[in-house]
Amino acid sequence: MAKGTRRSQPDAGNTDHAPDLELLGDTITLQPRGFEQDVPDDEDKERNLVEHMARFRSSPLEFLREVSLHVSGQGWRAYDNFVGQPIFYPGFSENMIAAVLSTPILQKKIKELAEKRIVVEERDGILNRDDPNYATKRANRKSVLEHSLQELSEKMTGDMICKMESRPFIRGAYYMATQLLTRAYHQGIHVSSEEVLRLRKVAQKAEKDKHSIIFLPCHRSHIDYVSLQIICYRLGLALPTVVAGDNLNFPVVGSFLQHAGAMWIRRSFGDDQLYTTLVQSYIDTLLQGGYNFECFIEGGRSRTGKLLPPKFGILNFILDSILSGRVEDTIICPVSTQYDKVIETEGYVGELLGVPKKKENLADFLSASSVLSLKLGRVDVRFHEPWSLRQFLQEQQARITGIPKSPDMSSLNNAATKQKLLRTMGYKVLSDINAVSVVMPTALIGTVLLTLRGRGVGMPELIRRVEWLSDRVRAKGGRVAHFGNSPIAVVIERGLEVLGKELVGVVERLQEPTYYAVDRFQLSFYRNMSIHLFISEALVSASMYIKVKRGGGPENQTISYTELRDQVLFLSRIFRGEFIYPTEGLAVNLDNTLRGLEADNVVVLKRDGEGNIDSIGLADAERRAGRENYDFYCFLIWPFIESFWLGAVTLMGLTPPLNHKGDGWLDSKKCQDSSQLFGKTLYHQGDLSYFEAVNKETLKNAWTRFEEEGILMTVKSRDPKVQPLARLAPDWLPHRDPKTGHMIPEGRLWNFIEKIAQSRREGKNRRDGATVSTRVLRLVESINKTLFGQDGPEARLSEEDRVLLKKKLQRRRALQARAHL
């Protein structure tokens, strides 16, 4: 092409999506998608929300100019005309503390707690009812108690609330945060113009109605806190108050974050009624005042790359504010934040392998500053269409009661209905986040490398597979990151550079350079970013594996519809807490998935005379292609199947020895730790295919599901110093040979393990049944001896714990398990 101009290539993302918003200095520019225009070569550079800031060493004068602009507040930097309620003014904190302390629910709780203490003192004889001055002493004592509780509440409120006091401070904080972020993520922050314009319009109406916008982002990195604050500042939206765990409230950094928008809450409230009411009062005050609010729907950061199940703590407070009538309405805005590379993934791997998490401190924070000079690519932040929480609750009320929308929602404010609402709302937010999430190039590369049958791949094949995967993402309604006019080969090169040689290696001096996964465990984080798009296909493919693994001709690998449906139902049920499924129900989703795979020439469906699906097999086109598409779906879910299989086999080790006199209760943490050690042993001995199957989070989820299914019984004491206890449910206990004392590979738990193993990837040197009943069971017996042979008395339940367990089991029996595909 002639030098100076060229034709821009169509966008690598969906052509029906709006352009990305790009800002250069003070100018906002839209880069349209899916169209062609003449683009001068010298203007063909990537623009993004946060442009590189000048650095003192390279451009001292420009650096000083930028600092002076931010300090003096020139143009948009002044942050004077933002959309939202007044913040960052002297006296903000005092006004907020006064508003929180004056809330009726807090004052009522203080009086209630003081009265309870008076009753205790009367019972203990500290206050004597027969005293002639009893009434006066009682009133004086209650007044003292209430005053003490008021002072305690004031102190806790001051420690908790965000302190948006100074406009010059937030200008400087924005500049510093942007400097740090652009050093680490050198390609900046990208957002969708359509979503941002829509959000501003919603924010303007919310400001008028005095309604808060509650941002509910996914959580993969501490950078999540920073990126959304930067976006709101740069686009002129009121900064939200961000819920943050007090583990981040360490000296210097904690105070800085609190003045930039963080509110500190304890990681656990326990039975502290005053603190619980105080948090509710603060959230009520924020929502009544129309202040924007942010909390992470998953609670903590995802160490695995995919969305975690929702945490309902803060959502419960928000829901209570609306259902009680204390707050009229609030706007929910789910947010997806995706990264080319997450700074903390190396640390995540250590935690998932059982290394205890280190407590955050200033020294670690400063020592991590070296990451700020890395080139980690870019951050993509996407906003789902905001929705009214009140309208959502009215729609749920109409579904539950059959009564059309009503302004009175008192019928929803009971414990059972509230739990259903929380669960529905939590999973709706997760689904909304998935709907707008962007699949980054690093996720595409990681997914391709971890779904290969061979050891590595050349660049032409890597390009072909990334293009295929991009097309599949779009076909499933997903989004692929927009990289303007860059050819796919350039995008992949950038992605490989960001991932680095520690994750992806290359073998030179071959016919063509060959790329391979170096750190499969860490790379699985990026693979898991897109797994939600293909979970239905993965479940179907893993269920078909029951027959496909037999080999032979097509007839030998064909599975009946009934057998396929049963296995899909089983897998979708045990993975219920692991993945988010489509909401149409098993039958509809299964048929839709099968038709989609048929249209893609992956499977062939044989139908009976009435047109119903009778059996399913691999299509001839898929066989000729070496099963690469079918294998792709299997490779996505096999690590999770292995992890749940590992967790189930470990349960065999909880079987009490012959003639054991105790109840079989064991330290739950020691049991889970033994599962990890067991898995590492199996992997290195060739009986486990995926090392990522031993990760702590997935094993923990497996144990949770086993408990929900009634296989495992756990008791968590109210005393935080006492470790939770676990044991097998009586009707799931395996039998032992009365002569040898060895576990017999049969029974309910054994059949459950075998059911999982049917869809597990088989290695060259093993077959599941024979492997488990010989080498693996021998190792299980070793775990058993360790758990039951440890020094000290056996763990026993207190009477209070027995009552709690009985109530827990009664609640579980009342709930019917639901399976979704």
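Contact here means heavy atoms within 4.5 Å. Among contacts between residues at least 6 apart in sequence, 77% join residues at least 24 apart.

Some notes on the model follow.

1. **Ground rules.** This is a predicted model, in which local features need pLDDT of at least 70 and side-chain atom pairs count only at pLDDT 80 or more, while totals for chains, interfaces and linings use all residues. Residues are numbered from 1 along each chain as its sequence is written, and side-chain values use heavy atoms, with hydrogens and water left out.

2. **Overall make-up.** The protein has 28 helices and 23 strands; these are DSSP runs numbered from the N terminus, with helices being H or I of at least four residues and strands being E of at least two. Of its 821 residues, 53% count as buried. For that label, buried means under 20% relative accessible area, exposed means over 50%, and partly exposed lies in between (1.4 Å probe, protein chains only).

3. **Serine 336.** You will find serine 336 in strand β10, residues 331–339. Serine 336 counts as buried because its relative accessibility is 0%. Its side chain makes a polar contact with the side chain of serine 437 at 2.9 Å, and another polar contact, of 3.1 Å, joins the side chains of serine 336 and glutamine 338. A polar contact is a pair of N or O atoms within 3.5 Å; within protein, one must be able to donate a hydrogen and the other to accept it, and residues adjacent in sequence count only if both atoms are side-chain atoms. Leaving aside neighbours within four places in sequence, the residues in contact with serine 336 include Cys218, Asp380, Arg382 and Ile433.

4. **Strands β5 and β11.** In a regular strand the side chains alternate between the two faces of the sheet. In strand β5 (residues 189–192), Ile189 and Val191 point one way and His190 and Ser192 the other way, and all are buried. Strand β5 pairs with strand β11 (residues 379–383) in the parallel sense over two bridges; two strands pair if DSSP finds at least two bridges between them. Isoleucine 189 has valine 379 as its bridge partner in β11.

5. **The β14-β17-β16 sheet.** This open sheet has three strands in the order β14-β17-β16, with antiparallel pairing. The edges are β14 (457–458) and β16 (504–507), each with a single partner strand, so one side of each is left without a neighbour in the sheet. Two bridges link β14 to strand β17 (residues 514–517) in the antiparallel sense, and tyrosine 515 in β17 is the bridge partner of valine 457.

6. **The β18-β20-β19 sheet.** Another open sheet has three strands in the order β18-β20-β19, and its pairing is antiparallel. Its edge strands, β18 (559–560) and β19 (603–607), each pair on one side only. Five bridges join β19 to strand β20 (residues 613–618), and the two run antiparallel. Helix α21 (residues 586–599) packs on this sheet and touches β19 and β20, its direction making about 120° with that of β19. Axes are lines fitted to C-alpha atoms, for helices over the stretch in contact, and angles run from 0 to 180 degrees between N-to-C directions.

7. **Helix α20.** How many residues does helix α20 have? Helix α20 (residues 561–574) has 14, and reaches 20 Å from its first C-alpha to its last, close to the 20 Å expected at 1.5 Å a residue. The expected span is 1.5 Å times one less than the number of residues. Among the buried residues of α20 are Tyr561, Leu564, Val568, Leu571 and Ile574.

8. **Backbone points to look at.** Most residues other than glycine have a negative phi, and most peptide bonds are trans. Asparagine 601 has a positive phi, near 60°, and is placed in the loop between α21 and β19. Asparagine 601 is partly exposed, with a relative accessible area of 45%. Arginine 627 also has a positive phi near 60°, and is found in the loop between α22 (620–624) and α23 (628–651).

9. **Cysteines.** The structure holds zero disulfides, a disulfide being a pair of cysteine sulfur atoms within 2.5 Å. Cysteine 162 counts as buried, at 0% relative accessibility, and cysteine 634 is buried, with a relative accessible area of 0%.

10. **Strands β22 and β23.** Both faces of strand β22 (residues 712–715) are covered, with Leu712 and Thr714 buried on one side and Met713 and Val715 buried on the other. Four bridges pair β22 with strand β23 (residues 725–728) in the antiparallel sense, and valine 715 stands opposite leucine 725 in β23.
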